[in-house]
Amino acid sequence: MRPFQKILLLVCLWLLNFNLGYGQPHLDSLWGVWQNTENADTIRLQAIDKLAMPGFVYSQPDSARALAQIEYELAEKIDHKNFMASALNIQGVAHTMQDNYPKAIDFFIQTKTLYEEINNKPGLASVQNNLASVYDRMGEYDKSFEYYKESIGIMEELGREKGLIFPLINLGYNYANRGELDESLETFERAVEIAEKYDHGPGVFNSLSGIGYCYELKEDDPKALEYYLKSLELCKQTGPELSTVQMLNTIGDSYLRLKQPEKAIVYCKEGLERAEKATSLMAQRNACNCLFTAYKSLDQNQLALQYHEQLTTIKDSMFNEENTKELTRLEMQYEFDKKEAVAKAEQEKKDALAAQELKKQKLERNGFMAGFAVVLVFALVFFGQRNRIGKEKKRSDDLLLNILPEETALELKAKGSAESKLIENTTVLFTDFKGFTAMSETMTANELVKNINECFSAFDHIMEKHGVEKIKTIGDAYMAAGGLPTPNATHVKDVVLAGLEIAEFMNQRARTRKEK
């Protein structure tokens with residue numbers, strides 16, 4: 001059986017108001033309601049919310065994001081947290097449709113925080129499901145499983161059976177990708193039953209697609225194709241465009257496995273045309289890969305090469321500068337949070353030891369209150385201990401300043417936590433020793449550590465000189481960033497100057513070693 005690391009072809013994002021089955025809204029009418037400033041703010045917000053999702057989010061996610069931003073600004077102005085959360089959720093869905101998972105997670109977490117604040121349990125269930133869907137797409141199935149179970153638990157607690165449809169479908173995919181196919185089929189069948197009960201078209205076609213996916217993993221491609229074709233028929237009637245695209249590509253892949261490349265080409269060509277209109281890079285990639293494989297099997301090498309080149313271009317686009325910048329920001333945030341947690345744990349340990357010592361001293365003092373001499377001895381012990389604790393506290397403070405920016409360390413000491421900050425513009429510096437592996441084989445462990453320590457100590461001095469913040473070192477790699485924790489307009493220049501000075505230091509070091 002093939003491994004279960006396959007990216008889900010259909011992962012359902014759950015809309016809080018469950019209006020997927022309502023069909024395409026009257027967009028012009030909704031826009032008119034929004035533009036009429038004589039309408040109550042809540043009426044206008046309802047209109048633009050529906051205009052964004054499902055109006056544009058699946059067909060034009062960029063437009064949906066713009067509308068969601070407008071919705072958020074008005075909702076924030078009148079302090080309407082439900083609409084603020086809905087606008088953030090739309091942003092998350094739109095970024096998911098564009099395969100920008102870091103951004104999607106960021107918006108979904110903001111949504112979750114707001115729903116928890118106002119105790120909106122249906123909203124919380126919906127965003128838990130959406131977060132799980134993104135982690136599923138990223139292949140983090142164990143993490144997404146917990147979110148799905150929480151989402152389903154909330155809806156069962158509220159007695160909202162219809163609200164179980166999409167979480168059950170997603171949980172079915174999760175079971176499948178973890179290799180638990182019997183549980184997966186059982187979950188999809190339960191979802192079909194509920195969806196048919198409420199005449200919920202999207203729920204039915206997504207559930208049928210899920211059953212097909214299970215049979216595909218069981219390597220029963222004829223049975224899988226049967227369910228996929230049923231799903232496509234319903235999807236074209238009631239589903240969003242992107243789901244139709246994904247279903248076309250899935251059917252094309254099924255025909256490839258059944259050694260019917262001509263039929264695969266028909267479905268994947270339609271999938272590619274629709275994917276280009278929907279601006280989904282992942283769907284375009286899947287369609288091009290299907291067409292490349294199909295034409296290659298037919299020995300039509302010119303056409304195969306054409307789609308292979310298009311496939312390569314799409315892959316490059318999926319790792320563009322914006323995604324790289326966002327992933328770097330998240331990695332740096334993760335490293336910062338990790339350092340903060342370590343420093344806090346260390347401080348708590350020191351404080352506990354200090355408290356224990358003080359308690360011990362108090363007991364000793366109470367036991368030796370009989371004479372002045374004993375009190376004097378105790379006083380000497382006490383002040384000695386306090387001095388030692390002071391030194392330990394200073395060491396702890398020095399450790400905190402060593403691993404965190406001074407501003408953040410002071411905030412952590414004052415409040416016990418540090419507030420996360422979004423810094424829009426930074427410049428990141430990475431260094432790596434060329435030929436490190438070969439060099440390490442010619443040195444003893446002590447020599448190697450000594451050399452790396454000398455270089456990194458010099459790098460630290462250079463970073464401090466130019467106002468660049470050291471982030472971390474891993475092995476022979478050194479990472480730093482300019483423009484944080486305090487944003488500035490000179491971070492590019494600072495990092496470039498630091499990089500040039502590092503280069504000069506290494507050149508000088510090489511010349512010195514050569515002269516010896």
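A disulfide is a pair of cysteine sulfur atoms within 2.5 Å. By this rule the structure has one disulfide. This is a predicted model, in which local features need pLDDT of at least 70, side-chain atom pairs count only at pLDDT 80 or more, and totals for chains, interfaces and linings use all residues. Residues are numbered from 1 along each chain as its sequence is written, and side-chain values use heavy atoms, with hydrogens and water left out.

Start with the disulfide. Cys-268 and Cys-290 form it, and their sulfur atoms are 2.1 Å apart. The pair links distant parts of the chain, 22 residues apart: Cys-268 sits in helix α13 (residues 261-278) and Cys-290 in helix α14 (residues 281-297). Helices here are DSSP runs of H or I, at least four residues, numbered from the N terminus. The torsion about the S-S bond of Cys-268 and Cys-290 is about 90°, so the disulfide is right-handed. A disulfide is a covalent bond between the sulfur atoms of two cysteines.

Next, look at burial. Buried means under 20% relative accessible area, exposed means over 50%, and partly exposed lies in between (1.4 Å probe, protein chains only). Cys-268 has 0% relative accessibility, so it is buried. Cys-290 is buried too, at 1%. Cys-235 is buried with a relative accessible area of 1%. For Cys-455 the value is 3%, so this residue is also buried.

Now turn to the nonpolar cores. A nonpolar core is a set of buried Ala, Val, Leu, Ile, Met, Phe, Trp, Tyr and Cys residues joined through side-chain atoms within 4.5 Å. The largest has 99 residues. Val-57, Phe-108, Ile-169, Ile-211, Leu-291 and Tyr-307 have the most contacts inside it. In soluble globular proteins, nonpolar side chains tend to be buried together.

Where does Gln-98 lie? Gln-98 is in the loop between α4 (81-97) and α5 (101-117). Gln-98 is buried, with a relative accessible area of 18%. Its side chain makes a polar contact with the side chain of Asp-62, at 2.8 Å. A polar contact is a pair of N or O atoms within 3.5 Å; within protein, one must be able to donate a hydrogen and the other to accept it, and residues adjacent in sequence count only if both atoms are side-chain atoms.

Finish with Leu-497. Leu-497 is in helix α21 (residues 491-515). At 35% relative accessibility, Leu-497 is partly exposed.

Key: Helices (H or I, at least four residues) and strands (E, at least two) are DSSP runs, numbered from the N terminus.
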